[in-house]
Amino acid sequence: LFDIGTIKDVGTYVFIVTLPATSHYEEASKKITVVISEGEYPNKITPTVNAATYGDTLADVALPEDEKGEWSWKDSTATSVGNAGTHEFVAVFTPDDSGYKAYEVNVTVEVNKKALTLEASNTTVVYSGVEQSAVVTVKDGLVDLNHVVTIVGIGKGTLAGDYDFTATVSDDNYSGTITATLKIEKATPTTDFGTEYEIFWSALGRDLSDITLPAGYTWKNGQTEIEDSNIGVYVSYPAVYTPDDTANYKTVDGEFGGYMKKAVAEITAEESYAFDYNGSVRDLGIGKNHSESTFVYTDEGGELFDI
């Protein structure tokens with residue numbers, strides 16, 4: 001006997017219906033074939049998925065779980081998700097109930113740019129008079145070997161100072177940002193420190209302001225009294241060089257000095273005098289600029305002369 005109540009699952013069912021004879025009717029029978037095909041799944045949905053990243057494959061894009069079946073990608077999971085942007089891929093839902101057909105839907109996958117780590121170098125340089133730039137590079141191993149990314153906004157400058165900048169990757173499939181500072185330090189100018197000067201000993205207490213330095217140079221303390229050093233001894237004093245362009249060049253400390261020399265002695269007198277005789281000794285008013293020695297008078301022959 002055939003249980004007609006089993007005719008519900010997918011398949012082909014063949015059976016004979018028999019109507020037994022009665023006192024008034026003959027027996028009747030009939031062969032019946034029933035075919036039940038797979039049905040369309042009710043309440044079809046289009047799943048949503050998380051965004052992918054450039055370089056991912058479909059294996060990296062998880063389809064949602066469903067208690068009534070299973071989602072899978074129609075294409076191989078090794079398929080690339082493609083360039084950054086929006087793409088569609090076919091997903092297949094296979095119901096657990098085998099009476100329903102599997103169905104396909106287009107699933108939108110948002111592909112984000114791949115984030116790169118940027119590194120800044122050459123961020124401290126010395127003023128040179130020409131424009132200089134920091135260097136920004138991509139950390140090794142993050143970009144395809146055959147692909148070169150463009151980085152914009154790299155800090156540059158000519159004059160001494162700090163140049164804050166934000167560099168970014170300009171690329172269809174990669175992103176990245178770094179904030180850094182290009183520091184252009186003041187240059188150290190060439191100086192003439194070490195040049196020897198004639199430094200004279202003087203009991204009159206001369207100070208450094210009496211010694212004129214080249215343009216741009218000043219004594220650190222021009223009122224410093226020249227030391228009472230022995231004749232022939234090298235003495236030096238601190239000075240500073242201030243360049244004309246102090247915005248781009250440093251001031252430089254150094255020393256100037258020289259060997260102590262005897263001071264110049266001076267005699268104050270006329271080269272010739274003329275008087276009329278009056279019977280008295282004439283006062284010639286001969287003077288000198290120091291008192292360490294007294295005058296000695298000689299005639300042209302070198303003999304002592306009593307004036």
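Visitor: Leaving aside its neighbours within four places in sequence, what is Asp-171 in contact with?
Guide: Lys-113, His-147, Val-148 and Val-149. Keep in mind that this is a predicted model.

Visitor: Where does Asp-171 lie?
Guide: In a loop. That loop runs between E14 and strand E15, residues 174–175.

Visitor: Is Asp-171 buried or exposed?
Guide: Asp-171 is buried. Even so, Asp-171 has no salt bridge.

Visitor: Lys-113 is on the contact list, though. Why is there no salt bridge?
Guide: Distance. A salt bridge needs a side-chain nitrogen of Lys or Arg within 4 Å of a carboxyl oxygen of Asp or Glu.

Visitor: Which backbone nitrogen lies 2.8 Å from a polar atom of the Asp-171 side chain?
Guide: The one of Asn-173.

Visitor: On to the sheet. What's the strand order?
Guide: E9-E16-E14-E12. Those four strands form an open sheet, and the pairing is mixed.

Visitor: Which strands are at the edges?
Guide: Strand E9, 124–126, and strand E12, 150–152. Each pairs on one side only.

Visitor: How are neighbouring strands turned against each other?
Guide: By 30° on average, direction ignored.

Visitor: How many bridges link E12 and E14?
Guide: Three, in the antiparallel sense. E14 covers residues 161–170.

Visitor: Which residues face each other there?
Guide: Thr-150 has Ser-170 in E14 as its bridge partner. Ile-151 stands opposite Val-169, also in E14.

Visitor: And how many bridges join E14 to E16?
Guide: Eight. The two strands run antiparallel, with E16 spanning residues 177–185. One partner pair is Ala-167 and Ile-178, the latter in E16.

Visitor: Change of topic. Where is the place of Val-235?
Guide: In strand E19, which holds residues 234–241.

Visitor: Why does Val-235 count as buried?
Guide: Because its relative accessible area is 4%, and buried means under 20%.

Visitor: How far apart are Val-235 and Ala-265?
Guide: In sequence, 30 residues. In space, 21 Å, C-alpha to C-alpha.

Conventions: Residues are numbered from 1 along each chain as its sequence is written. This is a predicted model: local features need pLDDT of at least 70, side-chain atom pairs count only at pLDDT 80 or more; totals for chains, interfaces and linings use all residues. Side-chain values use heavy atoms; hydrogens and water are left out. Two strands pair if DSSP finds at least two bridges between them. Axes are lines fitted to C-alpha atoms, for helices over the stretch in contact, and angles run from 0 to 180 degrees between N-to-C directions. Buried means under 20% relative accessible area, exposed over 50%, partly exposed in between (1.4 Å probe, protein chains only). Lys and Arg count as positive and Asp and Glu as negative; His and the chain ends are not counted. A polar contact is a pair of N or O atoms within 3.5 Å; within protein, one must be able to donate a hydrogen and the other to accept it, and residues adjacent in sequence count only if both atoms are side-chain atoms. Contact means heavy atoms within 4.5 Å.
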